[in-house]
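Here's a quick briefing on the charged pairs in this protein. Take a look at the model first, then read on.

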Amino acid sequence: MKIEIPTYEDIKELNFWDPPQPSSLVLILVNHQGEKIAIDFLPDTEDDNGYPTDLMRPKNILLNEQKVELRPEEKKKILDLLKRLIDEKRLGHPEGGAAKAAKEMMMYFSEIEVPAYKDLKEINYWVPPQPASLMLTLVNRQGEEIKIDFLPEMEDDLDYYSPRDIFFNGHKVAPKSEEGGKILDLLKHVIKKEGRFPGLIEVAKEMMMYFSEIEVPAYKDLKKINHWVPPHPSSLMLMLVNRQEEDINIDFVPDMDDDTDYSIDLMRPRDIFFNKHKVKLKSEEERKILNLLKHLIDKKRLGHPEGHSVKVAREMIAYFSEIEVPAFKDIKKFHYWVPPYPSSLVLTLVNHQGEEITVDFLPDMEDDNDYPTDLTRPRDIFFNGHKVASKSEEERKILDLLKHLIEENKLGHPRGFGVLLAMEMIDYFNS
C-alpha cells in the first residue's frame, strides 16, 4: 500500500520522540483525514562501528515502520516537511535533542552541493585535540548548514602521519572526485581569506597538503626553503613552497615506537613522509626526494657543510640511497675509526660520485656474555645503516674491500690496531 507523505499544511496532529540511541528521531503524524503516519529516522542497528561524529553513522528512513526505497521526490517531501517543523519550532527548543536530531537528518539525507567560498554566509571551525583533524561548520546563503570533516582513520594508532578521510555531511568523499576537488578548492579560499583564524589556517594547510596531488619539486622549482632538525635523532623536516605557492612538507622521521639503543644513528629504522604520506621505499618519489636533498646540500641551503643539518641530511641520503659497495679503486676519500668497545671497526668512505658510505663492523651490544676471545664474539656488518646478510654478495665485496685496505696500508701500521681488527673481521666472517 502506497503511503502518502503529508505536507506541513496536511498535519492535524504531531508527536515526536528522540530516542536515547544516537542518530534517531521518531515523528508520529495525523493528517486531516485522520490517517496516522509514522516517519522514523533510525541508525543502521547492524553497524556497530564507532563513528567520530553521529552525523557519519549510516541511517535509514522508515515509513510506518517499513524500510522503503524512497524516490527522490519522496525524500524531498520528507526533508521539506522536516525543515518546516524546525522553522516553525514544532520540535521543541531549537537547541533541544529533537531539533538537533532533525538538523542531523536534514544534513545527512539532503543532496546539498559543495558551496563555493563566495556562497558562504557563516564559517565556524573546530580543531579537535586528536591529531590530523579539522571540522568545518558552514552555512550557505540559503541558510543550509553544511559540515565538512577532515578526520583520521579511527582504527589507526593516531599521530600526525595517520591516514585520513574527508566527510561531507557525514558521507565519505573521495579526494580525487569532483566533490573532493570542490572541497579542496573551498579550503584553498578559506586559507587565503580567513587569516584572522590562525589556528584554522595552520590545520587547513596541512589538509591541503595531504589531499592535494602535488609532485615532488625539482630544486629549481622552489620559491621558499626552510628546514628544522628536531631534538630526537635521525630526524629532518623540510618546509618548502613551490612556484605555484603550494606548501610542501618532507619529513624524515625515525620509528618512534622503536626504543632500541642503536650504537650509531645511521642504523635506526626510519621513513620518509611527503605531505604526511609515507613514501614507498625505492620508488621514483623517493629518488626525487633524495635528489632534491643532494641539491639542497650542494647549494648550501641547509647551512654550513659541516653543520648539524647537513650531517643529518647526509645520513638520510646514505640510509635511503641504493649505493653499491665500492671497489678499492673507486674510493676517493677514506677514514676509519676503532670504537672503544671490542670487536668493532667503522669505515667512512666517499666514492668518485661524492656519495658518502659507512661500513660498520659491530658486536651485538645487548650480548653481555664473557667470551674467551674477541674472535668468538658474535657481530654483524652494517652498510649505510642496513644489516648485511651473512654470506651474501654484498658481504663478499665488503670483505674484499677490507683486504685491499690492509694491503694498501690504509689502516695504519701492519701490526697496528686498525689492521689487527680488520684481519679479525675477515677471519670471523669467512669462517
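A salt bridge here is a side-chain nitrogen of Lys or Arg within 4 Å of a carboxyl oxygen of Asp or Glu. Count them that way and you get 28 salt bridges. Keep in mind that this is a predicted model, where local features need pLDDT of at least 70, side-chain atom pairs count only at pLDDT 80 or more, and totals for chains, interfaces and linings use all residues. Side-chain values use heavy atoms, with hydrogens and water left out, and residues are numbered from 1 along each chain as its sequence is written.

- Asp87 and Lys83 form a salt bridge, with 3.1 Å between the closest N and O atoms.
- Both residues sit in helix α1 (residues 72–87), four residues apart, or about one turn of the helix; helices are DSSP runs of H or I, at least four residues, numbered from the N terminus.
- Asp87 is partly exposed at 44% relative accessibility, and Lys83 is partly exposed at 37%; that label covers the range between buried (under 20% relative accessible area) and exposed (over 50%), using a 1.4 Å probe and protein chains only.

**A buried partner and an exposed one**
- Lys172 pairs up with Asp165 in a salt bridge, the closest N and O atoms being 3.8 Å apart.
- Lys172 is exposed at 57% relative accessibility, whereas Asp165 is buried at 16%.

- Lys329 and Asp330 meet through their side chains in a salt bridge of 3.5 Å, N to O.
- Lys329 is exposed at 67% relative accessibility, while Asp330 is partly exposed at 30%.

Note on methods. Helices (H or I, at least four residues) and strands (E, at least two) are DSSP runs, numbered from the N terminus.
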